[in-house]
Amino acid sequence: MKLKNRVLIVSSEMVPFAKTGGLADVTGALPLVLSTLGWEVRTIMPKYRVVAEGRFNLKNSLPKGSSISVPIGEKVEKGSLVETVLPESKVTSYFLVHPGFYDRDELYRDREKDGDYLDNDERFIFFARGTLEALKAMGWKPQVIHCNDWQTGLIPPLLKTVYSEDDFFQEVATLFSVHNLGYQGNFPPATLPKTGLNGNLFQPLGPLEFWGQVSFLKAGLVYADLINTVSQRYAQEIQSDPEYGLGMEGVLRARRDDLYGIINGIDYRIWNPETDSLIPYRYSRNDLSGKEKDKFELLKKARLPIPSRRVPLIGIISRLADQKGFDLIAEVIDQIMTLDLQLVLLGTGDEKYHLLFQKIRRKYPQKAGINLTFDNRLAHLIEAGADIFLMPSRYEPCGLNQLYSLRYGTIPVVRETGGLADTIQDYKPESGRGTGFVFRNYNSQEMLGAIKRALFLFQDRISWEKLMLKAMEEDFSWEKSAEKYIHLYQKAMAKNG
Ligand code: ADP
């Protein structure tokens with residue numbers, strides 16, 4: 001029998017185990033599709049508190065008595081490894097166990113201190129190097145290690161330096177996927193000796209140095225065999241414009257021949273109004289009546305009055321961060337709320353936006369339903385129950401919610417940037433072309449203009465339903481994107497072989 005190609009997907013979060021954002025959706029879905037395309041796929045992530053033993057039927061991967069050792073500066077940290085099978089698949093998912101680092105309430109942030117955990121450097125040094133040690137301990141050698149975001153950024157330099165003479169890792173290639181360049185894993189110089197990497201790499205403008213800090217993201221960008229981001233537009237933007245490159249544009253330009261853009265797919269087993277078990281009423285292109293009922297349920301849940309006539313409902317599901325365009329929304333929120341509409345928001349994030357939306361809830365109790373929590377079930381209900389989905393991002397590597405929205409017939413209003421630009425075309429009333437409402441410049445009046453265009457079309461029920469049906473027909477399933485990933489894996493293997 002022909003041996004299958006082998007890839008290890010390394011990510012700090014993954015659906016269904018732990019999620020704070022789109023990264024988890026992507027690294028939870030891609031392995032399944034790759035394995036249906038004939039690859040042997042395994043995954044690894046930290047064993048956080050939420051990855052509960054009972055829930056996922058975890059078992060030990062290593063023989064009794066053996067452990068995984070990682071030097072962190074002068075000390076040696078010991079951990080272990082457990083595994084399960086990714087539900088509905090043949091994918092083995094490993095979890096690196098180190099209770100001191102990972103058995104905590106949150107993945108990255110200290111709830112009490114409202115800031116990142118102070119030992120995130122050590123937590124993800126342990127994750128990077130522990131992943132390599134875990135492979136050796138198990139004797140499973142992938143041809144490609146697919147790293148994702150800064151938490152895995154030290155894997156490529158470790159392989160190219162500390163482990164370069166190690167027989168086990170000969171001809172192991174790396175792909176580094178950047179899901180958001182805004183999260184860079186930058187730490188003070190004192191972090192360097194903890195990494196085990198040579199101090200020379202930290203010289204000014206060296207591969208690890210970023211404005212006097214040690215950058216795990218830059219390390220991955222410099223050393224990976226190949227790099228990709230999650231849309232073609234974003235791949236272009238981050239090389240050419242400091243607004244998007246956020247200081248990394250020089251590094252990215254230097255690697256432009258190795259930098260690709262692959263749009264994320266959508267897991268339609270999870271995000272599909274025909275089968276979604278998290279919404280009260282299911283619906284399809286053939287029968288939209290469930291959507292109307294979901295809208296009533298959503299209004300009830302959001303404690304908003306149910307209007308006696310057809311009033312458009314705008315949904316927002318988002319991290320409450322500047323990246324997502326909330327400064328634009330803040331600028332014109334009163335103008336928005338005086339329009340004939342209702343709004344449901346679900347999000348957590350920056351304190352200033354929590355305060356803003358608390359104020360909006362008090363000011364417009366009949367019109368604004370505000371939920372400042374993380375609630376997956378409610379996220380599904382908003383996708384199903386809203387008429388319009390607002391996503392005016394300052395930058396957007398790919399964005400998933402606009403794609404979920406399309407499938408749920410919830411028309412996106414987006415800014416023309418990154419993945420939003422690649423996936424949503426502006427609606428043209430003359431031709432009926434387009435799947436949403438798009439504005440170009442990062443400007444609150446332009447955003448307001450796009451919202452108003454959507455509201456105007458909403459009044460014309462027939463045209464609106466036509467647009468809904470067209471949106472629901474769009475197909476962003478994973479297969480196409482997974483094939484592109486396979487192509488990159490093969491390219492990386494060829495480069496390394
Ligand atoms: P990002 O990863 O930048 O936060 P994406 O649009 O790529 O943005 O993905 C966000 C994911 O997180 C989506 O699956 C979205 O539904 C989910 N999400 C964001 N905020 C919340 C929340 N407050 N409650 C539930 N799900 C959320």
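## The second largest pocket

Helix α11 makes the biggest contribution to the lining of the second largest pocket, supplying five residues. The space in there comes to about 380 Å³. Of its 18 lining residues, Glu292, Lys295, Arg310, Asp387 and Arg461 sit closest to the centre. Two elements give two or more residues each to this lining: α11 (289-301) and α18 (461-473). By class, the lining has eight nonpolar, two polar and eight charged residues.

A few terms first. On a 1 Å grid over the protein atoms alone, a pocket is an open set of points with protein on both sides within 12 Å along at least five of seven lines; a cavity is a set where a 1.4 Å probe fits but cannot get out; lining residues have an atom within 4 Å of a point. Helices are DSSP runs (H or I, at least four residues) and strands too (E, at least two), numbered from the N terminus.

## About the model

This is a predicted model: local features need pLDDT of at least 70, side-chain atom pairs count only at pLDDT 80 or more, and totals for chains, interfaces and linings use all residues. Residues are numbered from 1 along each chain as its sequence is written, and side-chain values use heavy atoms, with hydrogens and water left out.

## Helix α18, one side in and one side out

With 13 residues, α18 reaches 18 Å from first C-alpha to last, close to the expected 18 Å (1.5 Å times one less than the number of residues). Its buried residues (under 20% relative accessible area, 1.4 Å probe, protein chains only) are Trp464, Leu467, Met468, Ala471 and Met472. They share one side of α18 because they cover an arc of only 135° around the axis, taken from the directions from the axis to the C-beta atoms.

On the other side of α18, Ile462, Lys466 and Glu473 are exposed (over 50%). The buried residues pack against several elements, including α11, β19 (388-391), α15 (401-407) and α17 (444-459); contact means heavy atoms within 4.5 Å.

## Helix α14, mostly enclosed

Eight of the 10 residues of α14 (376-385) are buried, so this helix is largely enclosed by the rest of the structure. Among them are His380 and Glu383. The cover over the buried residues of α14 includes α11, β19 and α15.

## The largest cavity

There are three cavities of 30 Å³ or more, and the largest holds about 80 Å³. Its lining includes Asp25, Asp267, Trp271, Tyr404 and Trp478. Helix α1 (22-36) gives the most to this lining, with three residues.

Terms used: Points joined across faces, edges and corners; volume = space filled by probe spheres on them. Nonpolar A, V, L, I, M, F, W, Y, C, P; charged D, E, K, R; others polar.
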